[in-house]
Amino acid sequence: NQLAAPEPVVTDVPGAIACEGTREYKYTYVDEKGLAFVWVYTYTIDDTTPPVVVCKKPVVVLDRNGQASITLSDVLESKSDNCGTVDVELIGQTAFTCEDVPSKTVTLKATDCAGNIATCEANVSINLISTSLVYSGATKGQYSDPVYLKATLTEETSGVPIAYKNIVFTLGEQTISATTDEDGIAFAPLTLNQKSGPYKLV
C-alpha cells in the first residue's frame with residue numbers, strides 16, 4: 001500500500017550569513033509508519049551588488065597658521081549594503097594650506113564583505129580665515145614730524161588677536177610696515193615728508 005507523505009518539516013535552519021556563501025537546509029519527511037527521509041538543500045548566495053556610499057560637501061577654514069585638515073567623518077554622509085557591513089576609506093589629500101584654496105577633491109572608497117566596491121567624490125571647499133583690521137592711529141600730523149600709525153588685527157568671528165603678522169601702512173607715497181604683537185597690534189612711527197593735503201591711508 002502506498003502511504004501519503006505529509007508536508008516536509010524543516011528540521012535544521014542555519015543562521016543568516018552576513019555575506020555571500022552557502023546556506024544548507026535540512027527537510028525531513030515522516031510517513032504514517034514513522035519512517036523518515038532527510039532531504040538536504042543547499043542555497044548558494046552570490047553577492048554582486050556594490051554598496052552605496054554618499055559624500056558630504058565639506059567646508060574647512062584655514063587657521064591663523066594657514067592650515068586645516070579633514071577626517072573620514074567630515075566627508076562620509078552615509079553608507080549601506082544589501083548584505084552585511086561596509087568598510088570606507090578616505091583617499092586623497094587630508095591636510096590643506098593656503099596653496100589649496102579654493103578647493104580640492106577627495107574620494108571615498110566603500111568595500112562590502114564580498115569585495116564589491118563603490119566610490120563617491122567630495123569637493124572640499126577651503127576658505128581663508130576671516131580677519132578684521134581696525135585702524136586706531138593718528139589721522140593728521142605736521143610736515144617733518146613723526147605720526148604714529150596703529151592697527152589691530154583679529155579673527156573676525158571670535159575677536160581673538162592675531163600675532164606675528166606683517167601689516168603694511170601706505171600713506172600717499174610713503175610706506176612702512178610693522179609686525180603685530182601678542183595683542184594683534186601693529187605700531188609704526190612714520191615721519192611725514194610729503195606736501196600738505198589729504199592722503200588716504202591703506
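How many disulfides does the structure hold? The structure, a predicted model, holds 1 disulfide. This bond joins Cys55 to Cys120, with an S to S distance of 2.0 Å. The link of Cys55 and Cys120 is right-handed, with 85 degrees about the S-S bond. Distant parts of the chain are linked by this pair. Cys55 lies in strand S4, residues 52-55, and Cys120 in strand S11. The two cysteines are 65 residues apart. Cys55 counts as buried, at 16% relative accessibility. Cys120 also counts as buried, at 12%.

The closest cysteine sulfur to that of Cys83 belongs to Cys113. The separation is 5.0 Å, which is too far for a bond, because a disulfide requires sulfur atoms within 2.5 Å. Cys83 counts as buried, with a relative accessibility of 15%. Cys98 counts as partly exposed, at 46%.

Strand S11 spans residues 117-127, and the loop between strand S10 (103-112) and S11 contains Asn116. Asn116 is buried, with a relative accessible area of 15%. The side chain of Asn116 reaches the backbone oxygen of Asp47 at 3.0 Å. Beyond its neighbours within four places in sequence, Asn116 is in contact with a run of residues from Asp47 through Thr48, Thr49 and Pro50 to Pro51. Ala110 and Thr111 are also in contact with Asn116.

Strand pairing was considered next. Strands S2 (residues 21-30) and S3 (residues 36-45) run antiparallel and are joined by 10 bridges. Gly21 stands opposite Ile45 in S3. The hairpin of S2 and S3 has 5 residues between the strands. In this hairpin, Gly34 takes a positive phi near 85 degrees.

Elsewhere, 3 strands form an open sheet. Their order is S12-S13-S16, and the pairing is antiparallel. Strand S12 (131-135) and strand S16 (185-191) are the edge strands, each pairing on one side only. From one strand to the next, the twist averages 20 degrees. Strand S13, residues 146-155, pairs with S16 over 7 bridges in the antiparallel sense. Thr152 has Ile185, in S16, as its bridge partner.

In one of them, the ring centres of Tyr135 and Phe169 are 6.4 Å apart. Their planes stand at 70 degrees, so the pair is edge-to-face. Tyr135 belongs to strand S12, whereas Phe169 belongs to strand S14, residues 166-171. The pair links distant parts of the chain, 34 residues apart. Tyr135 is partly exposed, with a relative accessible area of 30%. Phe169, in contrast, is buried, at 3%.

Tyr148 and Phe187 also form an aromatic pair. This pair is stacked, at 5.7 Å centre to centre, with 10 degrees between the planes. Tyr148 lies in strand S13 and Phe187 in strand S16, so the pair ties together parts that are 39 residues apart in sequence. S13 and S16 are also joined by the antiparallel pairing described above. Tyr148 is partly exposed, with a relative accessible area of 44%.

Notes: Residues numbered from 1 in each chain as written. Predicted model: local features only at pLDDT ≥ 70, side-chain atom pairs only at ≥ 80, totals over all residues. Heavy atoms only, no water. Pairing = 2+ DSSP bridges. Helix = DSSP H or I, 4+ residues; strand = E, 2+ residues; numbered from the N terminus. Axes fitted to C-alpha atoms, helices over the stretch in contact; angles between N-to-C directions. Phe/Tyr/Trp six-rings, centres within 6.5 Å; stacked < 30°, edge-to-face > 60°. Buried < 20%, exposed > 50% of the residue type's maximum accessible area, 1.4 Å probe, protein only. Polar contact = N/O pair within 3.5 Å; in protein donor to acceptor, adjacent residues only side chain to side chain. Contact = heavy atoms within 4.5 Å.
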